[in-house]
Every structure is written in C-alpha cells, then in structure tokens.
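Student: Can you walk me through this one? I'd like to start with the rings.

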Amino acid sequence: MFSELAVAYLFFGGTGAGACVVMGVLECANIGRYSARSSHWVAKESPPRLVLWLRKNLRVPHELLSRGWVLCLVLLAAGSLCLMADAGRPERVLSLWLAPRFTVVTVGAWALLASAALAAFFALASNGVGARLPLFVVLVAAVAAVIAGMVTAVYTGVLLMQFPSVVAFGTWLVPALFCLSSLSCGVAVAFGVASLVDSRVPFGAALRCLSRMDRAAIVAEIVALALFAAFLLSDTRTEAGGRVLLVGDEAIMFWVVLVLVGLVAPFILECRYLGGDRRTKGLWIACCLLLGGVALRICVTGLASFDVSQSPEIAIRMAFAATGS
C-alpha cells in the first residue's frame, strides 16, 4: 500500500523535523554566538533560569551547529522531494500550501515548509552569511524552529491517521511513536555531527545531557510500542497484522532491527557514553538510532497490507470463522 518513496518521506521528514527541534534547542543555549554584542548582553543580563540551565548544560561549538543545520536542511529537502515524487505530480503537493481550508494536512505541509525555511536561515547564518544577527531575531527563529519541528514530527504520524480505512492507524499511539522516534533521530543527527567536529572547547556535558534526554525518549517509545502491540492484538481487525509483526514475517525487522538495534543498543551505549572513544560511540549511537527510525516506519506502514479492511481474503476468513463454517 505504501511505496518506498512514502516510507522514505516519513523517515527523512521525521528525522529532519527531530533535528530541527534539537538544533533549535541548542541555538537557544548558544544564542550569543552570532554577535559579540549579543554575547556581551547574555553575559551581563540576568536571563531566566531555563536559559541559564541551557547555557550551562548545552554549550556546543559553532561548527557543530553550522554542520547540523545544513544536514537538517538536506534531510527536510530529501523528505519533501520524496513526497513530491510519490505524489506523481508536484502540483498536488504544492496545492497543499495554497489550500484555503484549515486541515491537518495543510497544517503539516506548512509546518514542513516552516521547518525547512528556518533550517535554511540558520544554515546560511551559521556559515557566514549572517555573522552578526540581533539577539531577538535569533531567539525568535530558534523557538520557532523548535515549534515547527515538533509539529512536523507529530504530523508524520498524524498523516497515517488520515487513512480511516486502515484500522491499525486509528490510534494516538501512531503519532506518539513517530514523534518520539523523530526526536531520537534528531539526537542521532547531533551525535553524528559531533563525532566529526574537532574543537578545543569541551562540549561533552552537552552530549551527556542529550543522551539523558534521548534515553527518556527511548523508554517512552518502548512503552508506546508495547501499548501499540497490545492494541493490535486486542482487535480482530488488526490481529493478523500484529501477529505478522511479532511472530511472523516481519518479526526480524521488529525485534532485531527496531527493538534490539534501534532502542536497546543505543540506550546501553548512551549509558556507557563516558567510557572509551566518544567519537566512535557517538557514530554507533547515531547509526543505531537512525536504523531504528527506518525500521519503525517500515513496520508501521507495513501493517496496512495485513489490515482486514485492506485484505478481502482476511475478511472472508474471519467471516467464515464467525459463522462456524
């Protein structure tokens, strides 16, 4: 039912959205990096406690953010291109931004566009085009990037709920899973970029803080995944898909790639992040999280093929079973 391009859009769009959130938070913590005047203002004023906490725990070098925003923009652009290619006619996607009606789909389309625009803004500013920017402009743009990224991350899951004929998608757990996975993939982008950054400024505290946040997201994702599996098995219309996912043909993708590689392995590596070569561990964490993100989207979208509403054969078998024939 879902093409490879559609799954690629869900992954690239979600990962780009998660990276937009993570980079936006890091921008708030490093807000004085564009201007000496801004740095002076931040140092002299008494900012709120939240800002002080961000500055203390999430300080990173300029190079990490400049590369991170470029990668974020590339991911969002790749997701948009996959969406247009899957639609067949680009004007169908472009019409979403021109639609006069206020719908979930149009909100998601505008959130995706806003995330890409803000990522482009910071990518250009971080790489020298806007070497000196007013503090207020940077702060507003960073907060807007966090909001737009969160909306886009949730939207990649809400988009599946717009298929009312697929019973497996009719639960809030789908957008919850996609949002949590997107945030973890955003952290993966930060870890991957950080592993390639050489800086005299220590920023291990920021990566440890991100790892703690990601571990919380992983635990929440495991809980949501367990509830989603229970939801599938509790309904006769989705039971076939749940069994295929847990003990059938998709079991390896689910248990090995998604659960073991995508959730358990990065959780353990993040707990042991302080020991050994941090650069190598950062790359391993990033790879595991991204593989888990791909596996989640393959597993969830694949349920449509086994949903009773999409498979006449399953519906007929269930009807005969119900009548005792």
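**Aromatic rings and a surface patch**

Tutor: F228 is buried, at 2% relative accessible area. Buried means under 20%, exposed over 50%, partly exposed in between (1.4 Å probe, protein chains only). The model is predicted: local features need pLDDT of at least 70, side-chain atom pairs pLDDT 80 or more, while totals for chains, interfaces and linings use all residues. Residues are numbered from 1 along each chain as its sequence is written, and side-chain values use heavy atoms, without hydrogens and water.

Student: How many aromatic pairs are there?

Tutor: Five. Rings of Phe, Tyr and Trp (its six-membered ring) pair if their centres lie within 6.5 Å; planes under 30 degrees apart are stacked, over 60 edge-to-face, the rest tilted.

Student: Why is the pair of F228 and F231 called stacked?

Tutor: Because the planes are at 20°, with the centres 6.3 Å apart. Both residues lie in helix α9 (residues 204-234), three residues apart, about one turn of the helix. Helices here are DSSP runs (H or I, at least four residues), numbered from the N terminus.

Student: And how do F254 and W255 pair?

Tutor: Edge-to-face, 4.9 Å centre to centre and 90° between the planes. F254 is buried at 4% relative accessibility. W255 is partly exposed at 45%.

Student: Which residues form an aromatic cluster?

Tutor: W69, F121 and F122 form one.

Student: New topic. What sits over the ring of F178?

Tutor: The charged end of R297, 5.1 Å from the ring centre. The cut-offs are NZ of Lys or CZ of Arg within 6 Å of the ring centre and within 35 degrees of the ring normal.

Methods: Helix = DSSP H or I, 4+ residues; strand = E, 2+ residues; numbered from the N terminus.
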